[in-house]
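Hi there,

Here is the structure I promised to pass on. Have a look at it first, and then read my notes below.

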Amino acid sequence: MTRTRKAFAALLVGLVLALVSSAPAAAHTGKLKLTVAGDGAGGVTVQAVHADGHRLEKPVLLTLTGTGPDGQRIGPVQLEPAPEGQGFYSSGPLLSPGTWKVTVSAPPPNKSTASAQVQARPAQSPAPAAAPVAATAPAADAGATAGAGGAWWWPVGLAVLVLAALAVAVPMLLTRRRSDAG
């Protein structure tokens with residue numbers, strides 16, 4: 001193989017690997033890793049990720065059951081996705097004060113279960129509102145790098161790989177045509 005063909009083959013392999021790694025992980029099925037905790041008041045929070053540590057691509061159905069002080073029972077209650085981010089779930093105020101043993105489970109194809117002891121406390125009253133502060137002008141590119149959650153670089157990297165492949169392929173094809181014509 002000539003040096004140009006080796007470089008072209010390496011670029012194509014890199015392009016294919018970039019495309020494959022950026023595709024959604026459709027192969028994520030099976031158990032989830034569920035981390036269950038109290039929210040500091042009368043609710044429960046859950047963080048759900050795939051067993052290999054990857055974030056969830058779409059919400060899953062999670063249900064909560066619990067046993068509290070004096071044998072009180074709660075659930076099953078469906079947990080709602082929380083605004084904290086992808087894979088976070090919250091029950092809202094649900095538990096009376098005391099120590100609760102809660103279990104969170106997911107149905108197939110992500111069949112998983114996790115339990116934890118949660119200390120529910122009475123809700124605190126909110127602190128008084130702070131005095132208003134004068135706003136200053138934001139920096140010129142304050143949100144430019146934040147983009148869509150840090151995913152802005154995938155299209156840029158893919159475009160660079162495509163341009164690099166074209167930069168190698170076009171001269172190689174033009175050289176071949178000139179040698180065939182002569």
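This is a predicted model: local features need pLDDT of at least 70, side-chain atom pairs count only at pLDDT 80 or more; totals for chains, interfaces and linings use all residues.

Strand S7 (residues 98–106) is joined to S8 by 9 bridges, and the two strands run antiparallel.

S7 and S8 belong to an open sheet of 4 strands, which has the order S4-S3-S7-S8 and antiparallel pairing. Strand S4 (73–78) and strand S8 (112–120) are at the edges of this sheet; each has a single partner strand, so one side of each has no neighbour in the sheet. From one strand to the next, the twist averages 20 degrees.

There is another open sheet to find, again of 4 strands with antiparallel pairing, in the order S1-S2-S6-S5. Here the edges are taken by strand S1 (32–38) and strand S5 (80–81), and because each pairs with a single strand, one side of each is left without a neighbour in the sheet. S1 and strand S2 (residues 44–50) run antiparallel and are joined by 7 bridges. Within that pairing, leucine 32 has histidine 50 in S2 as its bridge partner.

Stepping back to the chain as a whole, you will count 2 helices and 8 strands. Starting at the N terminus, the elements follow the order α-β-β-β-β-β-β-β-β-α. How much of the chain is buried? Of its 182 residues, 23% are buried. As for contacts between residues at least 6 apart in sequence, 57% of them join residues at least 24 apart. The accessible surface of the chain is about 12500 Å², and carbon and sulfur atoms account for 63% of that.

Is leucine 166 buried or partly exposed? Its relative accessible area is 46%, so leucine 166 counts as partly exposed, a class that runs between the 20% and 50% cut-offs.

That is what I have for now.

Best wishes

Terms used
Residues are numbered from 1 along each chain as its sequence is written. Side-chain values use heavy atoms; hydrogens and water are left out. Two strands pair if DSSP finds at least two bridges between them. Axes are lines fitted to C-alpha atoms, for helices over the stretch in contact, and angles run from 0 to 180 degrees between N-to-C directions. Buried means under 20% relative accessible area, exposed over 50%, partly exposed in between (1.4 Å probe, protein chains only). Contact means heavy atoms within 4.5 Å. Accessible areas come from the Shrake-Rupley method with a 1.4 Å probe; for residues, only the protein chains shown count as cover.
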